[in-house]
Amino acid sequence: MSNETTHALAFSPEDLPQAESFFKPHRIVLIALFVGLVLAIAILMRWDWLPRYVPRLGSGILVSLAMLFSTSILGFLLAIPLGLVQVTGPWFLKGPARLFCTVIRGTPLLLQLWLLYYGLGSLFPQFPTIRQSFLWPYLREAWPYGVAALTISFAAYEGEVMRGAFAGVPEGELEAARAYGMGRWTMFRRIWLPRAVHRALPTLTGETVLQLKSTPLVATITVIDVYAVISKVRQETFLTYEPLLLLALIYLCLTGLLVLAFRYFENRIPTRGA
Amino acid sequence: MDSFVNWSLLALSAPGWGGLLLQGFVHSIEIAIGGYALGLLLGIGGAFGKLYGGPVLRDLLECYTTIVRAVPELVLILLLYYAGTDLLNQLLGLLGLGAVDISGLMAGIFVIGVVQGAYSTEVLRGAIKAVPAGQIEAARAYGMSPAKVLRRITLPAMLPYAIPGLSNLWLIATKDTALLAVVGFAELTLVTRQAAGATKAYFLFFCAAGALYLALTLVSNLIIGVIERHARRGFVEQR
Amino acid sequence: MKKTLKLLALTAALAVTGAAASSAETVKVGIAAEPYPPFTSPDANGNWEGWEIEFMKAVCAEAKLDCVVTPAAWDGIIPALTAKKIDMIIGSMSITEERLKTIDFSDKYYNTPTGVIGTKGEDIKPTPEGLAGKTVGVQVSTVHQAYATKHFAPAGVEIKEYQTQDEANQDLAAGRVDAVQADAIALDAFLQSDQGKACCDYKGDVAPDVDVLGPGVGVGLRKGEAELKEKINAAIQAIRENGTYEAFSKKYFDFDIYGG
């Protein structure tokens with residue numbers, strides 16, 4: 001996905017409001033109305049279930065964040081060879097990489113998740129030796145499947161981004177590196193990779209926010225993230241509005257914090273005209 | 001020895017489940033088309049509101065797009081499907097109109113449409129901003145009414161900028177329909193899970209559903225390529 | 001601009017009338033959108049069949065209601081009822097105090113014990129001590145989840161919760177959970193299947209707990225719908241008395257599942 005599309009889909013650092021803009025008259029009225037609405041919701045709606053669930057909500061948020069960061073990092077690491085091989089690689093690596101990216105990006109994440117968890121799960125009874133292997137404790141749990149599916153999905157989308165980034169690094173710089181007598185690995189390590197990552201950075205931050213928006217799906221395969229905790233609240237209290245509003249608020253805060261963190265780091269990384 | 005894969009389960013008529021899967025697929029496409037269209041309508045309104053509207057309208061639209069862009073689609077789908085339709089019924093009740101029976105299809109289109117609307121607003125806003133200001137000024141200098149400027153200058157000129165983003169939104173709409181399985185709407189992913197649950201052939205059915213989605217994506221990409229080439233004829237990339 | 005406004009108003013009016021027209025006299029009966037044999041399961045044509053579907057048809061015929069099967073996600077079925085997306089729940093929903101706070105129930109229409117199935121050859125008993133250290137799968141939003149959380153979790157049993165009963169059975173066959181607790185009849189249907197026969201056997205009924213498990217299964221209704229409740233109760237009694245209940249139950253069970 002291009003940078004513009006990612007920006008359209010994910011809340012990005014450019015969208016954070018500036019502090020001065022809060023003091024315009026119409027905005028003050030709107031903020032007052034909004035605070036009034038929040039107070040009305042807090043007072044008039046049923047929140048008696050909240051104290052019971054706070055520790056579970058906390059651990060759910062930690063699980064969500066763990067899913068987000070682990071899969072983003074692993075997915076990015078996988079995306080680098082995927083992107084590189086589509087630019088340089090021999091045909092027998094380029095083809096499968098393209099196929100992989102096309103298939104993963106062409107099917108819904110929910111389907112991939114269920115295919116991994118229930119599809120592989122249905123194979124286990126047919127191969128009893130799996131249960132004795134060292135992998136069994138991991139194949140038994142649900143979170144490895146969540147991590148695997150999210151990582152694969154992130155890698156496929158980032159693979160496209162990295163492909164564009166690797167292809168976009170000016171050819172002249174690579175030639176200069178070769179002229180200096182740098183070996184292929186040194187050129188990759190010192191010129192190509194850093195320049196490509198610099199080019200891809202704005203899109204990557206947007207894609208990480210998108211990854212956060214994908215993490216709730218793991219709740220459908222019994223991983224207890226914050227979405228699963230709120231689902232439990234909904235099932236036990238039968239309330240329609242309150243749990244979902246709280247969940248939306250939690251994700252708004254998580255996204256906001258993530259985007260603030262990205263803006264802080266973006267300002268610290270020097271980008272000399274990437 | 002029995003074949004490893006029981007292909008007869010995919011047969012188009014009973015006892016094969018292929019026919020049911022295709023029906024679910026058709027439902028998915030229906031919701032995707034309806035939701036995408038609704039999203040475009042909301043997006044056009046939203047983009048114009050954000051670019052030319054008053055400060056209050058702009059702030060409200062900013063809230064709308066921020067919430068949709070920051071909250072996961074799954075949560076939005078739950079919110080709109082349960083809380084949204086309940087709110088709608090209560091509003092209609094207040095107005096004395098009686099509860100409206102919102103069919104599953106309408107609810108699904110509404111949900112996908114609202115989400116797509118926020119995305120379309122951003123894509124279209126970016127595309128309209130990219131239209132050279134000089135062209136709009138020239139149109140106004142000619143005395144064209146705002147509606148005419150919109151129809152003859154802005155919309156055609158912004159299309160080449162908007163099409164990559166809008167085509168991505170279409171692909172996202174087709175994949176977001178799968179999330180409606182979580183609210184029990186009978187689209188392809190839910191039907192696949194039901195069929196897999198009834199026959200225990202999980203791998204086969206999920207792969208079949210994946211193949212259907214992939215086919216939809218590939219066909220969409222072909223059509224989008226054609227549309228893009230047509231829209232870009234005579235178009236000079238402004239750098 | 002005026003033309004566009006008129007067009008929009010016309011479309012909106014059409015949409016509302018189109019939507020309203022479908023809300024005539026039909027009663028939408030909510031069932032869980034998942035296979036739950038032998039009570040409800042989809043066939044390859046997309047039609048739902050099973051004991052509970054036959055029960056629904058018999059009751060609706062007796063009460064002279066035009067019932068339409070409306071599958072809904074199980075974990076949202078009660079909000080769907082209160083939001084008027086469906087008008088009744090016939091989904092093997094047990095009558096419990098907790099649920100009675102939000103919705104109403106008809107008289108019970110069946111009552112069967114709750115059991116536990118587990119991997120063949122494993123020493124598992126359906127008691128807190130017998131399951132200690134093991135993993136038990138239950139479906140969310142069910143009395144079984146409430147029972148397991150109340151009795152098994154404190155004894156050190158890990159509870160895994162699934163969106164559908166089917167997925168819990170699937171994970172038992174895959175070996176991800178050691179046991180599954182659910183309605184004895186539904187579990188028996190799984191054990192009759194090829195997959196169930198190969199992997200698992202019945203470990204026994206759990207100790208009864210009427211507060212959590214409820215006195216039986218009833219038709220879920222919105223609060224305040226006294227007239228509909230009357231009709232349904234009368235219909236249930238009628239089909240019990242005139243032998244219809246027995247007639248269609250015989251096709252599925254060789255004992256009376258109405259229970260005591």
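Mentor: Let's start with chain C, which is divided into domain 1 (25-111 + 215-250) and domain 2 (114-213). Keep in mind that this is a predicted model.

Trainee: Okay, how far apart do the C-alpha centres of domain 1 and domain 2 of chain C lie?

Mentor: First, look at where they touch: the contact takes 12 residues from domain 1 of chain C and 13 residues from domain 2 of chain C. On the domain 1 side, those residues are seven nonpolar, three polar and two charged. As for the C-alpha centres of the two domains of chain C, their separation is 25 Å.

Trainee: Now the open sheet of five strands in chain C. Which strands are its edge strands?

Mentor: Read off the order, β9-β8-β10-β7-β11 (chain C), with mixed pairing. An edge strand pairs on one side only, and that picks out β9 (158-162) and β11 (200-205) of chain C.

Trainee: Which residue stands opposite C:Gly118?

Mentor: Go to strand β7 (residues 114-119) of chain C, which pairs with β11(C) in the antiparallel sense over five bridges. Then look across into β11(C): the residue opposite C:Gly118 is C:Asp201.

Trainee: What angle does helix α6 of chain C make with the direction of β8(C)?

Mentor: Find helix α6 (residues 143-152) of chain C, which packs on the sheet and touches β7, β8 (135-139), β9 and β10 (179-183) of chain C. Another helix, α8 (residues 184-192) of chain C, lies across β7, β10 and β11 of chain C and runs at about 125 degrees to β10(C). For α6(C) against β8(C), the angle is about 150 degrees.

Trainee: Why does C:Thr149 count as partly exposed, rather than buried or exposed?

Mentor: C:Thr149 sits in helix α6 of chain C. To be buried a residue needs 20 or more other C-beta atoms within 10 Å, and to be exposed 12 or fewer. C:Thr149 has 16 C-beta neighbours inside 10 Å, so it counts as partly exposed.

Trainee: Over to chains A and B. Which element gives the most to the side of chain B that touches chain A?

Mentor: The contact takes 42 residues from chain B and 37 residues from chain A. The elements of chain B that give two or more residues include α2 (55-70), α6 (146-176) and α8 (202-231). With 10 residues, the one that gives the most is α8(B).

Note on methods. Residues numbered from 1 in each chain as written. Chains lettered and ligands numbered in written order. Predicted model: local features only at pLDDT ≥ 70, side-chain atom pairs only at ≥ 80, totals over all residues. Contact = placed C-beta atoms within 7 Å. Helix = DSSP H or I, 4+ residues; strand = E, 2+ residues; numbered from the N terminus. Pairing = 2+ DSSP bridges. Axes fitted to C-alpha atoms, helices over the stretch in contact; angles between N-to-C directions. Domains from an automatic or database assignment. Nonpolar A, V, L, I, M, F, W, Y, C, P; charged D, E, K, R; others polar.
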